[in-house]
Amino acid sequence: DFLVVDEVNVQLWRWVCSSLLDAALFEINEEGNNRSTEAYVLLHEVILLLGLAAASSRSFQASLALGGSETVLQKLAALPIQYFSDKRYVDILFPTLLVLIYDCERNLNVLQTEMSLDPLSRFVSECLDDATRHPDVKKGGKGSTNGIVALNNNSNNGTDIGGTFDRYAVHFRCSLDQIKSQAKFLQSLVS
């Protein structure tokens, strides 16, 4: 495991991630139309870190629905609209949201109060469809035995962050088995 959250330091990890999330969002909101490239890079890295850390620690995962006036999970659900409508941004946020709610009822309940689960359910269905169409995809995800294709392209996010979204691909945070499980579960909730 390349990232293991020390169970004793779960609160500290949550505070650090929350603070970094706040700092990135502050800079993005302050810049207005002249969006800060560094702030977007930081935000994307924090989103990725949250997903990886939650996948390695159930205590950390559950802690993200706890906190002061706004939890980490609520902050993620309140990100700018492009994270829910532009595929390039969706591909960064939604895999982490999937990890955060995977087999964690508290997080699921918080997310349901903050946003509709329909877009997340569609995303999961697209992941499964893509994996079916591309059986030769590389394997990924913690402990996964199957891979799912990266749903992102090699273009930048419109903020010229330089580099690709490949490292944010869903298969780095979720196994195909987790995606299948989430698909069934989310379909039951949105139907």
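What share of the contacts in the protein chain with a separation of 6 or more comes from residues 24 or more positions apart? Such residues account for 69% of those contacts, a contact being heavy atoms within 4.5 Å.

This is a predicted model, in which local features need pLDDT of at least 70, side-chain atom pairs count only at pLDDT 80 or more, and totals for chains, interfaces and linings use all residues. Residues are numbered from 1 along each chain as its sequence is written, and side-chain values use heavy atoms, with hydrogens and water left out.

The protein chain holds 9 helices and 0 strands; helices (H or I, at least four residues) and strands (E, at least two) are DSSP runs, numbered from the N terminus. Of its 191 residues, 48% are buried. Buried means under 20% relative accessible area, exposed over 50%, and partly exposed in between (1.4 Å probe, protein chains only). The accessible surface of the chain is about 9300 Å², and carbon and sulfur atoms supply 50% of that surface; areas come from the Shrake-Rupley method with a 1.4 Å probe, and for residues only the protein chains shown count as cover.

| Residue | Relative accessible area |
|---|---|
| Cys17 | 1% |
| Cys127 | 1% |
| Thr96 | 0% |

Thr96 belongs to helix 6 (residues 87–101). Its side chain comes to 2.8 Å from the backbone oxygen of Ile47.

The whole structure has 0 disulfides, a disulfide being a pair of cysteine sulfur atoms within 2.5 Å.

Key. A polar contact is a pair of N or O atoms within 3.5 Å; within protein, one must be able to donate a hydrogen and the other to accept it, and residues adjacent in sequence count only if both atoms are side-chain atoms.
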